[in-house]
Amino acid sequence: MAAKTHRVLPGFGLALGYTLVYLSILILLPLGGMILKASELGFGQIIDIALGERSLAAFRVTFGASFLAAAINAFFGLIVAWVLVRYPFPGKRFVDALVDLPFALPTAVAGITLATLYAGNGWLGQYLEPLGIQVAYTPLGIVFALTFITLPFVVRTLQPVIEDIETEVEEAAASLGASRWQTFVKVIFPAIFPALLTGFALAFARAVGEYGSVIFIAGNLPLVSEITPLLIISKLEQYDVLGATALAVVMLGLSFILLLSVNLLQWWTANRHKNNEPLEVAAAEASGVAA
Amino acid sequence: MKSTRATQEPAWVRYGLLSVGLGFLFFFLGLPLVAVFVEALAQGVPIYIEALKEPETASAIGLTVGIALAVLPFNIAFGVAAAWAIAKFEFRGKSLLITLIDLPFAVSPVVAGLIFILLFGSQGTFGNWLSEHDIKIIFAVPGMILATLFITFPFIARELIPLMQAQGKDEEEAAVSLGASGFQMFWRVTLPNIKWGLLYGVILSNARAMGEFGAVSVVSGHIRGETNTLPLHVEILYNEYNAIGAFAAASILALLALVTLVAKTIVEWRMKKETDMLSAVLAPEKVGNT
């Protein structure tokens, strides 16, 4: 069957060939070239550069702020997704469309706007600074910028999953005497947890590489509020190409591990769904709709 | 009545969650969006218009649009080809290929710029050869196009692959078995089926192409009037403490983002309508089968 369809539809060789050539030239060869360049240094030296005081501090700021931003989004994103799916309110479609703003708004615009909002004389900064909360030009500013940039990930991964929860299951839980809170903890949350984790990981992965929005609000003080992408650029500007490459390769490796875990998570989620499938098929057959 | 109550939260929880969720969106999305326009118009409309008329801002707009137009045909060709191969055929290593297509999403924009400096920069692999032949890629427009191509690489393919997989290959097979050439099949069957998905991918990749900052910044060299895109120009003006100019330029990009969101919502709505129609057409058949 498979062999036969190969012959029926045209263009397989051309399409796959073009895909592979284009992918290789634009993505794989340049990335491979960078790894080759880094190998001039040797493994030990790459590690030495990555573990230098300034690089290590930058990694700590980058990953720490990204983790916090992803966690903030996991918490509020769950609430936002829930509210958008389950509760009616005026202007819902507008709010739903607005969630994608961070994907559409150029990062530099986000950066200067957030820096202006949270500066000492800004709309929000003027109320926060008397309370002793300084956002602009501190690591907290990095967290806020990354929270903005990665806001859609958790919401958008959760929405379809919450839509798919069958209310029958919730009704069953309720009729068996579960309180609403128990239903949430024991029925709803386990169903949406893989998607929540996927959204968190996607947000985290995106935040780690982010540059444009962060540099305006971070203050960019070495050892305190300097992120790794910025350190790569300052090394480049000082003609330390090898140092920049070493850091870039370490970042690439870490991002790749993140991408891999996202894929594993999605595979896990899909498999959970697959395990549910026989039941759904059975239910559909029972109700007289052929699958 | 009771059963609906049992699957609903108490009113105070509902209103609590609504206020927390909407409050979060207000502070993190609504306020920044409003702030861009308020800051841009802080000193009145005439000064805003004046700031936009600056020749450097105008040339930055031109370059931004130019780069976005330049990458579009590449992204469409790759997206359609990759989706055709992946969605309509079975072959070994398919899931690896899908992962590799996603790879640019996992690469920091700064690293995306760096890899092209390593290849085409003055000390890069091809640096000597390029300078002998007087070809400039880095700190010039070709490098910025390359970096943008890298960043926007997955967008269209990612939209088309699931769409074409869901559509299956029956219609194309029917066309071919009725004697259509490959081109006729693509033009009359495939393209009409995927046009909204393709447009959706184009909208997303275009927004990213016009707004990209990190990758383009690394390879641009920041030459005013030459390699300055609108997002890079925003940075320059902002660092010169020209807040009005920076936010005026930013407001153009924010408008572009709003247009993107509206277009995206319309296309989503069209796609949903089409799938609903399709399932409405198919539903009687299903009932007939049982």
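Modeller: In chain A, 78% of the contacts with a separation of 6 or more are between residues 24 or more positions apart, a contact meaning that two C-beta atoms, placed from the backbone, lie within 7 Å. In chain B, 75% of the contacts between residues at least 6 apart in sequence join residues at least 24 apart. This is a predicted model, in which local features need pLDDT of at least 70 and side-chain atom pairs count only at pLDDT 80 or more, while totals for chains, interfaces and linings use all residues. Residues are numbered from 1 along each chain as its sequence is written, and chains are lettered from A and ligands numbered from 1 in the order in which they are written.

Biologist: How many helices and strands does chain A have, and what pattern does chain B follow along the sequence?

Modeller: Chain A has 15 helices and zero strands, where helices are DSSP runs of H or I with at least four residues and strands are runs of E with at least two, numbered from the N terminus. Chain B comes to 14 helices and zero strands, and its pattern along the sequence is accordingly written α-α-α-α-α-α-α-α-α-α-α-α-α-α.

Biologist: Why does E235(B) count as buried?

Modeller: E235(B), in helix α13 (residues 230-239) of chain B, has 21 C-beta neighbours inside 10 Å and therefore counts as buried, since the term asks for 20 or more other C-beta atoms within 10 Å of the residue's own, with exposed meaning 12 or fewer and partly exposed lying in between. Of the 291 residues of chain A, 43% count as buried, and in chain B buried residues make up 42% of 290.

Biologist: Why do Y239(A) and D134(B) count as exposed?

Modeller: Y239(A) has 11 C-beta neighbours inside 10 Å, so it counts as exposed, and D134(B), with 6, counts as exposed as well. Y239(A) is found in the loop between α14 (228-237) and α15 (241-286) of chain A, and its phi is near 60°, a positive value in a residue other than glycine. D134(B) lies in the loop between α7 (127-132) and α8 (141-152) of chain B and has a positive phi of about 60° although it is not a glycine.

Biologist: What makes α4(A) oblique to α9(A)?

Modeller: Helix α4 (residues 53-86) of chain A and helix α9 (residues 139-149) of chain A pack at an angle of about 50°, with their axes 8 Å apart; axes are lines fitted to C-alpha atoms, for helices over the stretch in contact, and angles run from 0 to 180 degrees between N-to-C directions. That angle makes the pair oblique, because angles under 35 degrees count as roughly parallel, over 145 as roughly antiparallel, 65 to 115 as roughly perpendicular and the rest as oblique. The residues of this contact divide into nine nonpolar, three polar and no charged, where Ala, Val, Leu, Ile, Met, Phe, Trp, Tyr, Cys and Pro count as nonpolar, Asp, Glu, Lys and Arg as charged, and the others, Gly among them, as polar.

Biologist: Why is α4(B) called oblique to α11(B)?

Modeller: The axes of helix α4 (residues 55-88) of chain B and helix α11 (residues 182-211) of chain B come within 9 Å and cross at roughly 140°, and that angle makes α4(B) oblique to α11(B).

Biologist: How many residues of chain B are in contact with chain A?

Modeller: In chain B, 75 residues are in contact with 77 residues of chain A. Helix α2 (residues 11-40) of chain B gives the most to that side, with 15 residues, and the side divides into 49 nonpolar, 14 polar and 12 charged residues.
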